[in-house]
Amino acid sequence: MDSSLTDQQQDKYRSYLHGEGEKNTNWKLGAPPNYDTVNKLFEEGRTKIWPPASLEEKVQNLVKTWEMEMFNKISFPDYKSVKLQNFTVSVNGRKPLSLEESRKLGGGYNSFMQTTLPENLRGYNPAQETEHSSHLAFTTAFPRGFALEVSQVYSGPPTIVYKFRHWGYMEGPFKGHAPTGELVQLYGISIFEVDDEMKILKVEFFFDRGELLGGLMKGEKLASGTDQAALSCPFMRNIG
């Protein structure tokens, strides 16, 4: 971490976010994202506090850094947590995708929500979403963010296998459903293959998307157009 940065500029859990190495980074929102709100949610709701410099802490911070870059950096060469050549990511045993292929599916949340369900049963239909619309949908539902913790690490590098937990409070609408204020959680397993420098070569995720969507679609149906009023809020657009 760059010691010249102020406490307000630093992030305790993510690398490649601030400092001299990021001065030419192209950010989707024009500037580095601020994780203060979701970091607070994480610290209040985590179930494990890993010892400093432990394997578990290193894996957790690596995953947070990787997610930050995937969701917020425009140019692939700015992704410093991964080995760009031959990098792939897959979800639930589906075909491994390159960064470019993942982006063509909408990137971000949308690439993780792919499904073979019939369209009338999807609830959230990634085929009808863009990277922008999917990001707005989930960040509006979770205005304080969607926190992540690594709850167990089963094996260390070069093949890291870990269990994760994502959680947030549904305090905004989602796809025509009213906010419930309730805790929504998602559990899963992931495999990261890394090189000697801990650069990520390959990512695999296994989780039940229905576990996430079920919690987001419990609220009452809203009148048509209500979601859009929330989505147009500039505060909501800058959360994530």
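Me: Let us begin with the overall plan. How many helices and strands does the protein chain have?

Reply: Please keep in mind that this is a predicted model. The protein chain has 8 helices and 5 strands. Followed along the sequence, these elements come in the order α-α-β-α-α-α-β-β-β-β-α-α-α.

Me: What share of the residues is buried?

Reply: A residue is called buried when its relative accessible area is under 20%. In the protein chain, 48% of the 240 residues count as buried. The accessible surface comes to about 12,100 Å², and carbon and sulfur atoms account for 52% of that surface. Among contacts between residues at least 6 apart in sequence, 63% join residues at least 24 apart.

Me: Which residues have the most contacts inside the largest nonpolar core?

Reply: A nonpolar core is a set of buried nonpolar residues joined through their side chains. Here the largest one has 41 residues, and those with the most contacts inside it are W66, Y162, F174, F192, I200, F205 and L212. The element that gives the most to this core is helix α2 (residues 55-72), with 6 residues. Another core, of 10 residues, lies apart from it, and includes L17, Y35, F42 and W167.

Me: With which residues is Y162 in contact, leaving aside its neighbours within four places in sequence?

Reply: Y162 touches V59, V63, V150, Q152, V153, Y154, G188, I189, S190, F192 and F205. Two of these partners, F192 and F205, have already been named among the residues with the most contacts inside the largest core.

Me: How does one find empty space inside a model?

Reply: Rolling a probe the size of a water molecule over the atoms shows where empty space is left. A search of the whole structure finds 1 cavity of 30 Å³ or more. The largest cavity has a volume of about 500 Å³. Its lining has 29 residues, and the closest to its centre are E67, F71, Y109, F146 and H166.

Me: Which elements give two or more residues to the lining of the largest cavity?

Reply: They are α2, α4 (108-112), α5 (131-141), β2 (147-155), β3 (159-169) and β5 (200-207). Of these, α2 gives the most, with 6 residues. Sorted by class, the lining comprises 20 nonpolar, 6 polar and 3 charged residues.

Me: What is the volume of the second largest pocket, and which residues lie nearest its centre?

Reply: A pocket differs from a cavity in being open. The second largest pocket has a volume of about 320 Å³. Its lining consists of 22 residues, and V89, L97, S102, R103 and S111 lie nearest its centre. At least two residues of the lining come from each of α2, β1 (88-91), α3 (99-104) and α4. By class, the lining has 11 nonpolar, 6 polar and 5 charged residues.

Me: How far apart in space are N86 and L97?

Reply: Distance along the sequence and distance in space are separate matters. N86 and L97 are 11 residues apart in sequence, and their C-alpha atoms are 9.7 Å apart in space. N86 belongs to the loop between α2 and β1. With a relative accessible area of 66%, N86 is exposed, because exposed means over 50%.

Me: Finally, which backbone details deserve attention?

Reply: Two kinds may be read here, the peptide bond and the phi angle. P157 and P158 are joined by a cis peptide bond, with omega about 10 degrees. P158 is in the loop between β2 and β3. As for phi, Y16 has a positive value of about 60 degrees although it is not a glycine. Y16 is in the segment before α1 (36-45), and at 31% relative accessibility it counts as partly exposed. M198, likewise not a glycine, has a positive phi of about 65 degrees. M198 lies in the loop between β4 (183-194) and β5, and its relative accessible area of 26% makes it partly exposed.

Note on methods:
Residues are numbered from 1 along each chain as its sequence is written. This is a predicted model: local features need pLDDT of at least 70, side-chain atom pairs count only at pLDDT 80 or more; totals for chains, interfaces and linings use all residues. Side-chain values use heavy atoms; hydrogens and water are left out. A nonpolar core is a set of buried Ala, Val, Leu, Ile, Met, Phe, Trp, Tyr and Cys residues joined through side-chain atoms within 4.5 Å. Buried means under 20% relative accessible area, exposed over 50%, partly exposed in between (1.4 Å probe, protein chains only). Helices (H or I, at least four residues) and strands (E, at least two) are DSSP runs, numbered from the N terminus. Contact means heavy atoms within 4.5 Å. On a 1 Å grid over the protein atoms alone, a cavity is a set of points where a 1.4 Å probe fits but cannot get out, and a pocket is an open set with protein on both sides within 12 Å along at least five of seven lines; lining residues have an atom within 4 Å of a point. Grid points are joined across faces, edges and corners, and a volume is the space filled by probe spheres set on the points. Ala, Val, Leu, Ile, Met, Phe, Trp, Tyr, Cys and Pro count as nonpolar, Asp, Glu, Lys and Arg as charged, and the others, Gly among them, as polar. Accessible areas come from the Shrake-Rupley method with a 1.4 Å probe; for residues, only the protein chains shown count as cover.
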